[in-house]
Amino acid sequence: MSVTNLSDSGYHYSHTLGIDLYDGRGFRDPVDVALGPDGTVYVLQRGTPFHQNTLIKKCTIDEEFLEEFGAYGTGPGQWVWPACLIMDAEQRLYVSDEWNNRISIFDSQGYLLDEWGRAGCDAGQLFRPCGIALDHEMNLLVVDAGNHRVQRFTASGEFISGWGGPGSEEGRFNMPWGVAVGPEGEIYVSDWRNDRVQKFTSQGEFLLQWGTSGSDDGQFNRPAGLAVDADGGVYVVDWHNNRVQIFDPAGNFRTKLLGNATVSTWGEEQLANFPEMVEERRVAKDLNLEKLFSNPRGIKVDDQGRVFVVDCARGRIQIYRKEL
């Protein structure tokens, strides 16, 4: 069931962006989102060898479609398994690619600026890079998932430091996924197969952890994307539990979001063009399930307290607003 009393949860559902389509302004298999200035939204799609819609879709929060760019492949500026997307203060976009074991950097129009990364397990090498985030010095934190560690690089790809290793002990990981940086520079990592979140100092020293396997509040079933707001609230996409859980900086559970989607503007226009779809929805037994998250994956929070949840299996972004 969805959150029914949003005033109690502290989050109001705003609207849904997107529609589950391969072509044009639709999203298919979106995995992450980056937020630009003036309400610009960049949506990263994963794609497959059969449906090579491995693209970034650029639109606005008000549902104006602007353009798309990107391509499936192993050549310069192409991706096979793109995982995460962020934007820096200079409006450069960073994309991690698990298959090509590299980081690609683009300008806001989709022109390739730089690309770096080499497959391997030595310091500075990558094996299935996933979550990425910028620290307070504008260095890039990369979740090196296949090597069960986090590495720090300059924006140009020069290795600085790293920590972790395989295991379930404090400071170790089992296929980590997401990373986010808090207001004081603290670093949070979603430890995917260990079903927990770990918190570190800005230098990678272990501070605390929380979470166990399960579906109760505060438990996880494969935590994925992470975000931290200006107040230090920690947002964890609980992938296989189809929800977002929100914690304080000490790991205390605050609330959760399960999905409240309405039909987007693009969806309404699609329905207007296909009356048979309207009839199918009219006779459907229960449309309430359509509101809920289905395998959510990525999340971002902007400086206005808006929360963008990448609702992967339903091809959309659900947007909430935090009560400030």
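Tutor: Gladly, and one definition comes before anything else: two strands pair if DSSP finds at least two bridges between them. Strands are DSSP runs of E with at least two residues, numbered from the N terminus. This is a predicted model, where local features need pLDDT of at least 70, side-chain atom pairs count only at pLDDT 80 or more, and totals for chains, interfaces and linings use all residues. Residues are numbered from 1 along each chain as its sequence is written, and side-chain values use heavy atoms, with hydrogens and water left out.

Student: How many bridges join β11 to β12?

Tutor: β11 covers residues 140-144 and β12 covers residues 149-153. Leu 141 stands opposite Arg 152 in β12. The two strands run antiparallel, and the number of bridges joining them is 5.

Student: Which strands stand at the edges of that sheet?

Tutor: The sheet is open, with 4 strands in the order β10-β11-β12-β13 and antiparallel pairing. An edge strand has a single partner, so one side of it is left without a neighbour in the sheet; that describes β10 (129-134) and β13 (159-164).

Student: Is Lys 58 buried or exposed?

Tutor: Lys 58 forms a salt bridge with Glu 67, at 3.5 Å between the closest N and O atoms. Glu 67 has 23% relative accessibility, so it counts as partly exposed. Lys 58 has a relative accessible area of 8%, so it is buried.

Student: What is the nearest side chain of opposite charge to Glu 186?

Tutor: Glu 186 sits in the loop between β14 (176-181) and β15 (187-191), and its side chain reaches the backbone nitrogen of Glu 184 at 2.9 Å. For charge, Lys and Arg count as positive and Asp and Glu as negative, while His and the chain ends are not counted. Glu 186 is buried yet has no salt bridge; the nearest side chain of opposite charge, 4.8 Å away, is Lys 199.

How values were computed. Buried means under 20% relative accessible area, exposed over 50%, partly exposed in between (1.4 Å probe, protein chains only). A salt bridge is a side-chain nitrogen of Lys or Arg within 4 Å of a carboxyl oxygen of Asp or Glu. A polar contact is a pair of N or O atoms within 3.5 Å; within protein, one must be able to donate a hydrogen and the other to accept it, and residues adjacent in sequence count only if both atoms are side-chain atoms.
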